[in-house]
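Here is a briefing on one protein model. Look at the sequence and the structure first, then read on.

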Amino acid sequence: MPKIKTRRAAAKRFQLTGSGKFKRRRQNLRHILTKKAPGRKMRLGQATLVDSTNEKAVRRMLPNG
């Protein structure tokens with residue numbers, strides 16, 4: 001039986017936490033930053049967890065964690 005391969009693009013974007021959930025970066029912090037409020041940019045810089053609706057897809061892309 002062949003080895004299970006990891007999707008490398010997903011491996012670079014998601015990180016497994018100690019409790020078994022996936023951590024991700026937030027979007028909208030690359031360009032057009034002048035119109036965004038400082039508090040909003042500060043929140044966008046913090047990581048968050050993958051939503052439960054998307055967690056199954058992320059687990060499928062990262063079979064080895």
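In which helix do Arg-59 and Glu-55 both lie, and how many residues apart are they? They lie in helix H3 (residues 52-61), four residues apart, which is about one turn of the helix. This is a predicted model: local features need pLDDT of at least 70, side-chain atom pairs count only at pLDDT 80 or more, and totals for chains, interfaces and linings use all residues. Residues are numbered from 1 along each chain as its sequence is written, and side-chain values use heavy atoms, with hydrogens and water left out.

**The salt bridge**

- The structure holds one salt bridge. The term stands for a side-chain nitrogen of Lys or Arg within 4 Å of a carboxyl oxygen of Asp or Glu.
- The partners are the side chains of Arg-59 and Glu-55, at 3.0 Å from N to O.
- Side chains of opposite charge can pair when their charged atoms come close.
- Arg-59 is partly exposed, because its relative accessible area is 39%. Glu-55 is buried, at 16%.
- Here are the cut-offs: buried means under 20% relative accessible area, exposed means over 50%, and partly exposed is in between (1.4 Å probe, protein chains only).
- Helices (H or I, at least four residues) and strands (E, at least two) are DSSP runs, numbered from the N terminus.

**The sheet**

- Three strands form an open sheet. Their order is E1-E2-E3, and the pairing is antiparallel.
- Strand E1 (15-16) and strand E3 (48-49) stand at the edges. Each has a single partner strand, so one side of each is left without a neighbour in the sheet.
- Two strands pair if DSSP finds at least two bridges between them. E1 and E2 pair over two bridges, in the antiparallel sense.
- Leu-16 stands opposite Phe-22 in E2.

**The positive patch**

- Arg-24, Arg-26, Arg-40 and Arg-43 form a positive surface patch.
- Patches are made of residues with over 30% relative accessible area and no salt bridge; like charges are joined within 9 Å, and nonpolar side chains (Val, Leu, Ile, Met, Phe, Trp, Tyr) within 5 Å.
- Lys and Arg count as positive and Asp and Glu as negative, while His and the chain ends are not counted.
- Where is Arg-26 placed? It sits in the loop between strand E2 (22-24) and helix H2 (38-44).
- Arg-26 counts as partly exposed because its relative accessibility is 34%.

**Positive phi angles**

- Most residues other than glycine have a negative phi.
- Asn-28 is not a glycine, yet its phi is positive, at about 75°.
- Ile-32 also has a positive phi, near 55°, and is a residue other than glycine.
- Asn-28 lies in the loop between E2 and H2. Ile-32 is found in the loop between E2 and H2 too.
- Is Asn-28 buried or partly exposed? Asn-28 is partly exposed, with a relative accessible area of 38%.
- Ile-32 is partly exposed as well, at 49%.

- Val-50 has its place in the loop between E3 and H3. At 9% relative accessibility, it counts as buried.
- Val-50 and Lys-23 are 27 residues apart along the chain, and their C-alpha atoms are separated by 6.0 Å.
- Gly-18 is in the loop between E1 and E2. Gly-18 counts as exposed because its relative accessibility is 92%.
- Gly-18 and Ile-4 are 14 residues apart along the chain, with 22 Å between their C-alpha atoms.
- Leu-44 lies in helix H2 and counts as buried, at 13% relative accessibility.
- How many Å separate the C-alpha atoms of Leu-44 and Asn-54? The separation is 19 Å, and the two are 10 residues apart along the chain.

Technical notes
Areas by Shrake-Rupley, 256 points an atom, 1.4 Å probe, with all protein chains shown as cover. Charge placed at Lys NZ, Arg CZ, Asp CG, Glu CD.
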